[in-house]
Amino acid sequence: MAFCTNCGAKLEDGAKFCTNCGTKTGQPEENGYVPTEEPVKGEYIPPAENTYFSSAEEEKEAARKKKNRTILIVILAVAAVAIGLIVVMVSLLFKLSKQIIDGGYTEEPESSEYSGEEFVSSTTQLKENSLWYGFAEISNHSGKEGYEEGVYEVWGIIGTDDAGRTFFELYDNYDMENGPVLSYWISLSPYYAEAEIGEEDAWLLDIYLLEEDESYFSFVLDNGAIEVWYPYEFEGESFDFYFFLREEGAEWDEENDPYIP
């Protein structure tokens, strides 16, 4: 008969714990195996650590973190590309709006051989008693008259008569002799000359001009140049008359002027 060493209670044969106080008896089982401690009065003893399942969980956690990092990198890359596209689009829209505000959108040429500065004439105003030089062209002639087609040197003058009235005349020679090939009165301003054609007081070659021709022979000073185009047609006779002048002694725009001396 065995008794508990803690409380002195009687123990059953083969008992491992005291049924009165729960104290371990210390008696071995018949096969010599001494069991591990069992719970006493509700005490929780955690199971031994399972290294296999612990390693598997750690691998899963590492894989999950790696996947999250990959997703984050992809998101950041997509965001960077989107921001870049937005910046490019904003830049293009700003450039387009600026070109529209500055005077209309024009597509820039891919390349340009001309790298010099833009031509600016030294002539800035139309003035009385000023001399001009340039070229006249007769083209598209049809009819019986002997108007020879071609390009001719011409000399022009904005002058005033004794009464102070302003006129414009065009000659086919530097000395301005033998009468003008074109003559008419004008109302002059610094940048514009308005033709004033009366009855048989204005002519081109041997043709009298009419009042309805005034719009053709009025001209605007365009970067130092005077330019007129007149289509004549009457009773089966027709031709185009064109002239381009710059003030005598002024520089010519070799890139854009229709004729160069």
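Lys-127 sits in the loop between helix 1 (51–101) and strand 3, where helices (H or I, at least four residues) and strands (E, at least two) are DSSP runs numbered from the N terminus. It belongs to a predicted model, in which local features need pLDDT of at least 70 and side-chain atom pairs count only at pLDDT 80 or more, while totals for chains, interfaces and linings use all residues. Residues are numbered from 1 along each chain as its sequence is written, and side-chain values use heavy atoms, with hydrogens and water left out.

Here is a short tour, topic by topic.

**Around Lys-127**

- Lys-127 is partly exposed, with a relative accessible area of 37%; buried means under 20%, exposed means over 50%, and partly exposed lies in between (1.4 Å probe, protein chains only).
- Beyond its neighbours within four places in sequence, Lys-127 is in contact with Ile-158, Leu-188 and Glu-247, contact being heavy atoms within 4.5 Å.
- From Lys-127 to Leu-188 is a step of 61 residues in sequence, and their C-alpha atoms are 8.0 Å apart in space.

**The chain as a whole**

- The chain has two helices and 12 strands.
- Read from the N terminus, the order of these elements is β-β-α-β-β-β-β-β-β-β-α-β-β-β.
- Of the 261 residues in the chain, 29% are buried.
- Taking contacts between residues at least 6 apart in sequence, 40% join residues at least 24 apart.
- The chain has an accessible surface of about 18,800 Å², and carbon and sulfur atoms account for 52% of that surface; such areas come from the Shrake-Rupley method with a 1.4 Å probe, and for residues only the protein chains shown count as cover.

**The largest pocket**

- The largest pocket has a volume of about 290 Å³.
- A pocket is found on a 1 Å grid over the protein atoms alone, as an open set of points where a 1.4 Å probe fits, with protein on both sides within 12 Å along at least five of seven lines; lining residues have an atom within 4 Å of a point.
- Grid points are joined across faces, edges and corners, and the volume is the space filled by probe spheres set on the points.
- There are 15 residues lining the largest pocket, and Ile-207, Tyr-208, Tyr-232, Glu-233 and Phe-234 are the closest to its centre.
- Strand 9 (207–208) and strand 11 (225–234) each give at least two residues to this lining, with strand 11 providing the largest share, five residues.
- Sorted by class, the lining has eight nonpolar, no polar and seven charged residues; Ala, Val, Leu, Ile, Met, Phe, Trp, Tyr, Cys and Pro count as nonpolar, Asp, Glu, Lys and Arg as charged, and the others, Gly among them, as polar.

**Two cysteines**

- The whole structure has zero disulfides, a disulfide being a pair of cysteine sulfur atoms within 2.5 Å.
- Cys-7 is in no disulfide, and its nearest cysteine sulfur, that of Cys-18, is 3.6 Å away.
- Cys-18 is likewise in no disulfide.
- Cys-7 counts as partly exposed at 35% relative accessibility, whereas Cys-18 counts as buried at 4%.

**Two residues with positive phi**

- Asn-140 is not a glycine, yet its phi is positive at about 55°.
- Asn-140 lies in strand 3 (residues 130–142) and counts as exposed at 52% relative accessibility.
- Glu-235, also a residue other than glycine, has a positive phi near 50°.
- Glu-235 is in the loop between strand 11 and strand 12 (237–247) and is exposed, with a relative accessible area of 71%.
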